[in-house]
Amino acid sequence: MKLVRVTVLDRNDVAPTWGPGPWKFQISEEAPPNTVITVLKAHDPDTIGTLTYTLVSNHHRPGDRGESDADNDGTQGQFKLHPTTGQLSLAEALDRETKERYVLKVRADDGLQHRDIVLHIQVIVRDLSDADVAF
């Protein structure tokens, strides 16, 4: 008599989940490109492979969830997100005088389902041209 072993794999029927927020980060305008802001991690108990992380366009009406037109102006290109590690970093230096607040939407995808979170990034620290200079 031969023994046959059968392993039943979990069906991928649960979307990734994000831990509790708040998803708010601050970064200095003096931070150079490639500065790591955070490493995002979602959890998915039934994913056999790897979760994929992507930046998603903010397609909402101004005023939704308290966000303004300035939050939806396509400036997510100033950030980059590694698709497998979830490392969020600067693609270019930020200028607080141009924009001091960014709202990014990040998606965690397991190949069948996805879940999005909204990140709030505030640019801080005045540059030397902002400082009061005493003579």
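The exercises below concern a predicted model.

**Exercise 1.** Work out the strand order of the open sheet of 3 strands and find which strands are at the edge.

*Solution.* Start with the order, which is β3-β7-β6, with antiparallel pairing. Next, look for strands that pair on one side only: these are β3 (36-39) and β6 (79-81), the edge strands. Neighbouring strands of this sheet are turned by 15° against each other on average, direction ignored.

**Exercise 2.** Classify the ring pair of F79 and Y102, and state whether each residue is buried or exposed.

*Solution.* The ring centres of F79 and Y102 lie 5.1 Å apart. Their planes stand at 75°, and an angle over 60 counts as edge-to-face, so this pair is edge-to-face. F79 belongs to strand β6 and Y102 to strand β8, 23 residues apart. Buried means under 20% relative accessible area. F79 has 4%, so F79 is buried; Y102 has 1%, so Y102 is buried. K99 lies over the face of Y102, 5.2 Å from the ring centre.

**Exercise 3.** Describe the largest nonpolar core and the contacts of L119.

*Solution.* The core has 23 residues, and W18, L40, F79, L119 and I121 have the most contacts inside it. Strands that each supply at least two of its residues include β8 (101-109) and β9 (114-124). Leaving aside neighbours within four places in sequence, L119 is in contact with residues including W23, L40, L88 and Y102.

Methods: Residues are numbered from 1 along each chain as its sequence is written. This is a predicted model: local features need pLDDT of at least 70, side-chain atom pairs count only at pLDDT 80 or more; totals for chains, interfaces and linings use all residues. Side-chain values use heavy atoms; hydrogens and water are left out. Two strands pair if DSSP finds at least two bridges between them. Helices (H or I, at least four residues) and strands (E, at least two) are DSSP runs, numbered from the N terminus. Axes are lines fitted to C-alpha atoms, for helices over the stretch in contact, and angles run from 0 to 180 degrees between N-to-C directions. A nonpolar core is a set of buried Ala, Val, Leu, Ile, Met, Phe, Trp, Tyr and Cys residues joined through side-chain atoms within 4.5 Å. Buried means under 20% relative accessible area, exposed over 50%, partly exposed in between (1.4 Å probe, protein chains only). Contact means heavy atoms within 4.5 Å. Rings of Phe, Tyr and Trp (its six-membered ring) pair if their centres lie within 6.5 Å; planes under 30 degrees apart count as stacked, over 60 as edge-to-face and the rest as tilted. A charge sits over a ring if NZ of Lys or CZ of Arg is within 6 Å of the ring centre and within 35 degrees of the ring normal.
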